[in-house]
Structures are given as structure tokens and as C-alpha cells.
Amino acid sequence: KTHHIWRNNTSLVVEFSEKGVGLGIEAGYAYAKNKSIIVIAKRGSDISTTLRGISDEVFFYDNPEELTEKFNSIRFLKNA
């Protein structure tokens, strides 16, 4: 399994199409540090209620190209 995480000083982006304990831990740590959390996942992926609750945004996609417009609209990522 390959999991993808992108982080900077103010935000965390997690690709959560496949579940992973480490991804949840990373998201929990970011939440504790008051960072913005964005979850992206292929449509139909199971995102836990807990992860949804701590996330600022959850985006589902069919094709990765769909994410371009979404990410371009997220101001705090542009300013990172």
C-alpha cells in the first residue's frame, strides 16, 4: 500500500483512498497542533467519522485531475 501525505507548517493533506493507521495518527497529530487538515480520497472510500470530524475539508474524486480546481481554491494552501 502506498499512502500519500503532504504537510507544511500550517496544513496537512492526506490521500486516504486506502486506510492506514499511520495516516490517522498523522492527522491526529496535525489536529493537536491546530493545523488545517484536508482529506482526499477516491469516490466510495470509507472515511471514518473521527477523521471527517477533525478535517477542514474532505474531497472525493473519480479522477485525480478533478483535484486541481479544488486545491487551487484552498486559500491556506496557496499561502503555505
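Trainee: In which sense do β2 and strand β3 pair, and over how many bridges?
Mentor: In this predicted model, β2 pairs with β3, residues 36-42, in the parallel sense, and the pairing runs over 5 bridges.

Trainee: What is the bridge partner of leucine 12 in β3?
Mentor: Leucine 12 has isoleucine 37 as its bridge partner in β3.

Trainee: Which unit do β2, helix α1 and β3 make?
Mentor: Together with helix α1, residues 21-32, the strands β2 and β3 make a right-handed β-α-β unit.

Trainee: Why is β2 described as largely enclosed by the rest of the structure?
Mentor: Because 5 of the 5 residues of β2, residues 11-15, are buried. Buried here means a relative accessible area under 20%.

Trainee: Which residues point which way from β2?
Mentor: Ser11, Val13 and Glu15 point one way, whereas Leu12 and Val14 point the other way; all are buried.

Trainee: A change of topic: where is lysine 70, and is it buried or partly exposed?
Mentor: Lysine 70 lies in helix α3, residues 67-72. With a relative accessible area of 39%, lysine 70 is partly exposed.

Trainee: What separates the C-alpha atoms of lysine 70 and phenylalanine 59?
Mentor: The separation is 8.1 Å, and the two residues are 11 residues apart along the chain.

Trainee: And the whole chain: in what order do the elements run?
Mentor: From the N terminus on, the order is β-β-α-β-α-β-α-α, with 4 helices and 4 strands in the chain. Of the 80 residues, 34% are buried.

Terms used. Residues are numbered from 1 along each chain as its sequence is written. This is a predicted model: local features need pLDDT of at least 70, side-chain atom pairs count only at pLDDT 80 or more; totals for chains, interfaces and linings use all residues. Side-chain values use heavy atoms; hydrogens and water are left out. Helices (H or I, at least four residues) and strands (E, at least two) are DSSP runs, numbered from the N terminus. Buried means under 20% relative accessible area, exposed over 50%, partly exposed in between (1.4 Å probe, protein chains only). Two strands pair if DSSP finds at least two bridges between them. A crossover is right-handed if, with the strands pointing away from the viewer, the path from the first strand over the helix to the second runs clockwise.
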